[in-house]
Amino acid sequence: MGVSAVPNVDVCVVGLGPTGRALAHRAMRAGLRVTAIDPRPDRLWAPTYSCWVDELPQWLPSSAIATTIPAPTVWTKVEHRIDRPYCVLSKPGLHEALPLDDATVLAQRARTVDAHTVELADGTTISAATVFDTRGLPALGKRRAASAHGIFVAEETAAPMVAAHEGLLLDWRPENGAGPDEPPSFLYSVPLGDGTVIFEETSLGLRGGMPQHELRKRTLNRLAAHGIRLTGDEPSEAAHYPLDQPPPKKGVAHAVPFGSRGGMMHPCTGYSVADSLALVDTAVTAVLHGRDPVAELWPRQARLVYWMRMRGLWGLGRLTTEQSIAMFDAFFSASPRGQRALLSAHDDYTALGAVLFNTVAHTWPFRWRYDLVGWTHRNRWLDYDFDQAPVSAARR
Ligand SMILES: Cc1cc2nc3c(=O)[nH]c(=O)nc-3n(C[C@H](O)[C@H](O)[C@H](O)COP(=O)(O)OP(=O)(O)OC[C@H]3O[C@@H](n4cnc5c(N)ncnc54)[C@H](O)[C@@H]3O)c2cc1C
């Protein structure tokens with residue numbers, strides 16, 4: 001196999017999802033010599049990404065945002081308006097905001113990715129002072145998952161449920177047809193700024209996830225409850241990925257995992273894009289100053305936050321629908337700082353500890369707290385068979 005010599009570079013970024021592209025772009029802008037690798041570097045990303053507006057870094061232009069929802073809604077037993085702007089990112093806008101004009105971009109698949117060398121499928125070897133591994137998440141298997149089935153519906157059709165500039169972040173109203181003995185899921189629905197609204201039934205924390213057919217059925221039940229009927233030709237998207245991809249260990253001589261691959265997938269929300277974008281400059285600055293990016297990205301406080309969020313993920317994966325509603329009701333009554341500590345902040349461990357404690361302490365009836373912390377029903381939904389689901393009262 002022919003091995004062509006490629007000049008040494010400062011940084012090699014393997015994988016050009018939103019994370020890798022942002023990292024390569026910012027490293028290039030900082031004056032580093034960058035090589036970026038992806039089999040399809042110019043392809044627009046498939047998923048629709050959203051986040052809280054205040055999570056995005058200052059350097060990102062507003063053209064990366066497709067639409068903003070000033071105060072999204074969470075439905076538990078009651079309606080909570082969250083006074084914190086939320087946005088849907090524009091895929092072309094984000095892509096254009098991250099040009100790689102001064103980087104070397106190779107349309108290739110990496111075969112091996114090491115601390116200082118990357119071997120490509122065609123045999124080329126790249127050597128770099130720092131290699132970032134931004135290849136995204138490994139396969140799900142039986143890991144704790146985010147599963148979602150999203151249907152894109154025209155704004156006029158969606159209007160009875162979601163008006164312009166409004167959004168349902170978590171809709172736990174009992175309208176999805178699932179009974180009390182079935183694993184819970186909620187609806188996520190936001191306008192995308194292109195004339196459509198996504199309706200996405202979502203399950204968080206189940207080992208192996210919830211199947212698409214179940215999620216689709218639940219989405220359609222919710223729409224029907226609001227008098228919305230679909231043609232069946234609407235486009236859809238599917239999500240099935242692990243939520244428990246850990247941060248890298250310190251002092252291990254591997255490429256630096258970054259983005260969803262490097263512990264930035266939030267274990268309780270399934271989001272990683274905004275946090276990764278916000279941390280890009282921390283990684284680039286570390287490289288510029290010859291420091292260890294892993295140590296800079298993952299100080300003790302951030303690792304503690306990750307550890308606590310993992311407790312949250314395990315809790316999510318064993319609750320019933322009623323318990324989830326009680327728990328989210330308690331959580332969304334917490335202070336804005338407490339909510340932010342769980343949902344966004346990378347290292348606010350004191351506020352996160354407090355909000356987790358208070359959420360458990362305010363969940364009622366008392367005995368449900370044992371489920372929340374895992375003293376009882378630790379593996380409630382393990383190996384749940386969705387094809388044998390009981391016919392619940394709600395479905396009859
Ligand atoms: C339907 C759906 C909706 C989602 N919604 C949101 C959301 O609203 N907000 C949010 O934050 N997150 C959301 N997510 C999660 C989201 O996928 C990830 O957060 C995000 O894509 C992670 O970005 P990344 O750059 O880390 O990895 P990825 O986007 O997975 O990118 C990895 C890249 O690496 C490349 N690659 C893989 N192997 C190789 C190799 N061997 N050599 C070279 N390149 C390689 C791939 O081609 C790809 O371009 C959603 C996911 C799905 C599926």
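## A loop residue to start with

Let's begin at Q108, which is found in the loop between strands β8 (104-107) and β9 (110-113). Helices (H or I, at least four residues) and strands (E, at least two) are DSSP runs, numbered from the N terminus. This is a predicted model, where local features need pLDDT of at least 70 and side-chain atom pairs count only at pLDDT 80 or more, while totals for chains, interfaces and linings use all residues. Residues are numbered from 1 along each chain as its sequence is written, and side-chain values use heavy atoms, leaving out hydrogens and water.

Which residues is Q108 in contact with, leaving aside its neighbours within four places in sequence? They are I37, D38, P39, L120, A121 and D122, where contact means heavy atoms within 4.5 Å. Look at D122 in particular: Q108 and D122 are 14 residues apart along the chain, with 7.8 Å separating their C-alpha atoms. Their side chains are joined by a polar contact of 2.9 Å. A polar contact is a pair of N or O atoms within 3.5 Å; within protein, one must be able to donate a hydrogen and the other to accept it, and residues adjacent in sequence count only if both atoms are side-chain atoms.

## How confident is the model?

The predictor gives each residue a confidence from 0 to 100, called pLDDT. The protein chain averages 93, and 96% of the residues score at least 70. Over residues 1-7 the pLDDT is below 50, and this stretch has 13 contacts in the model beyond near neighbours in sequence. Residues 391-396 also have a pLDDT below 50.

## Domains 1 and 3

An automatic or database assignment sets the domain bounds. The chain is divided into domain 1 (1-41 + 100-135 + 247-298), domain 2 (45-96 + 139-244) and domain 3 (301-373). The centres of domain 1 and domain 3, taken over C-alpha atoms, are 32 Å apart. Between them, these two domains bury about 1100 Å², with 66% of it on carbon and sulfur atoms. Buried area is the accessible area (1.4 Å probe) that two parts lose on being put together, summed over both. P267, C268 and W298 supply 51% of the area that domain 1 buries against domain 3, more than any other three residues.

What joins the two sides? Five residue pairs are in polar contact between domain 1 and domain 3, with both residues at pLDDT 80 or more. Helices α5 (273-288) and α6 (293-297) each supply at least two residues of the side of domain 1 that touches domain 3.

R26 lies in helix α1 (residues 18-29) and D281 in helix α5, so the pair ties together parts that are 255 residues apart in sequence.

## Two positive phi angles

Most residues other than glycine have a negative phi. H165, however, has a positive phi near 60 degrees, and its place is in the loop between α3 (155-158) and β13 (168-171). D383 is not a glycine either, and has a positive phi of about 60 degrees. You can find D383 in the segment after α11 (368-373).
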